[in-house]
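Before reading on, please look over the two chains and consider what kinds of contact hold your attention where they meet.

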Amino acid sequence: MEQFGLGIGIAALGAGIGLGLIGYGAMQGMARQPEALGRIQIAMLIAFAFVELVFLLTVFIIPGTLKG
Amino acid sequence: MSFWGLAFYVVLVLAVILGTMAYAKTGLSDRVFKNPLTRLYEHVYIFVKNLCVSIIGPHGERFVPMMFTFWIVIFVGNITALLFPTSPTADLSFNLGMALIAVGYVQYAGIVSQYEHLRHEGVSAAAAIPKAIFRHLMHFTGPRLPLVLIPISGLIFVVELISEVMKNVSLSLRLYGNIDGGHQAADAMNKLLYDYYIPVGAFLMPIKLLTCIVQALIFCLLTCVYISLVTHHEEESHDTKEAHAAAH
């Protein structure tokens, strides 16, 4: 895992920024339209899942495949 | 994980689900449910039903049994990861099998929906089946384009087929990565104070519990979204509008 240290840090940075943007947008939407709360939450969770998948691929799948 | 290791955990999860469900079934009655397990299952059922109806639309109730099964199997499998060294959902083969079932069920739902649409139009039962399959395949070619742009439709077809295969990969890898990643993170945190016999990784348990619920929810949610994409028809949107108008 040592040889991937900096790369994993950058991956965490990118995923963190992406998740933060989703949370920012969703919270702003929920504050402006509280009646659409349920639908916004569902869309937010789907977007979370897609960002999370990229991060998981970077951290757990790619190092394992590169090692052999 | 070895074959028998996986088999042990799958049987464990199935035994827990079937045992609790059999016990919950004894509490069924015409009036108020007094059995706490029956009440719990009723709440889970209502939750999954609301999820299906809110995403797929008014015709989403028929997909509740499949979604409920996915939800229960994934949730109990994830909870197993908290109490045991490993779990079925921390193994890629189990997740890939479940994702294949989910995507295959989406194709089945799309064909059945087209079939019922054709039967509604008055096509005979024997002629409707190949037509329904053809219409479902035409669904992959995107919007109807003029004759000059037919090659574009072919390209869209290829891209849609690839995306259909990648749905399996994304569904299974997401679940596997989250559960197995949680294990690896707990291991890494346990190593921090290993010399003093303090299991720091145990503090990750609340986050792992949250992950369990969210991952089961996401799997069902995405399957519902895929189903809603293939079973959407014109007149049903009219029904939705009328239902909304009636609700207001």
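Across the interface of chain B and chain A, zero salt bridges are found, in what should be read throughout as a predicted model.

How far does the meeting of the chains extend? In terms of residues, 17 from chain B are in contact with 11 from chain A. The size of an interface is often given as the accessible area lost when the parts come together. For chain B and chain A this buried area is about 1200 Å², and carbon and sulfur atoms give 79% of it. On the side of chain B, the three residues L173(B), R174(B) and L221(B) supply 34% of the area buried against chain A, which is more than any other three residues supply.

Which elements of chain B form the side that touches chain A? Those giving two or more residues are α2 (36-56), α6 (150-192) and α7 (205-230) of chain B, and among them α6(B) gives the most, with eight residues.

Turning to chain A, the reader can find a nonpolar surface patch of about 460 Å², made by L13(A), I17(A), L21(A) and Y24(A). One of these residues, L13(A), belongs to helix α1, which covers residues 5-32 of chain A. Why does L13(A) count as exposed? Its relative accessible area is 54%, and L13(A) is therefore exposed because the term applies to values over 50%.

Conventions: Residues are numbered from 1 along each chain as its sequence is written. Chains are lettered from A and ligands numbered from 1 in the order in which they are written. This is a predicted model: local features need pLDDT of at least 70, side-chain atom pairs count only at pLDDT 80 or more; totals for chains, interfaces and linings use all residues. Side-chain values use heavy atoms; hydrogens and water are left out. Patches are made of residues with over 30% relative accessible area and no salt bridge: like charges are joined within 9 Å, nonpolar side chains (Val, Leu, Ile, Met, Phe, Trp, Tyr) within 5 Å. Accessible areas come from the Shrake-Rupley method with a 1.4 Å probe; for residues, only the protein chains shown count as cover. A salt bridge is a side-chain nitrogen of Lys or Arg within 4 Å of a carboxyl oxygen of Asp or Glu. Helices (H or I, at least four residues) and strands (E, at least two) are DSSP runs, numbered from the N terminus. Buried means under 20% relative accessible area, exposed over 50%, partly exposed in between (1.4 Å probe, protein chains only). Contact means heavy atoms within 4.5 Å. Buried area is the accessible area (1.4 Å probe) that two parts lose on being put together, summed over both.
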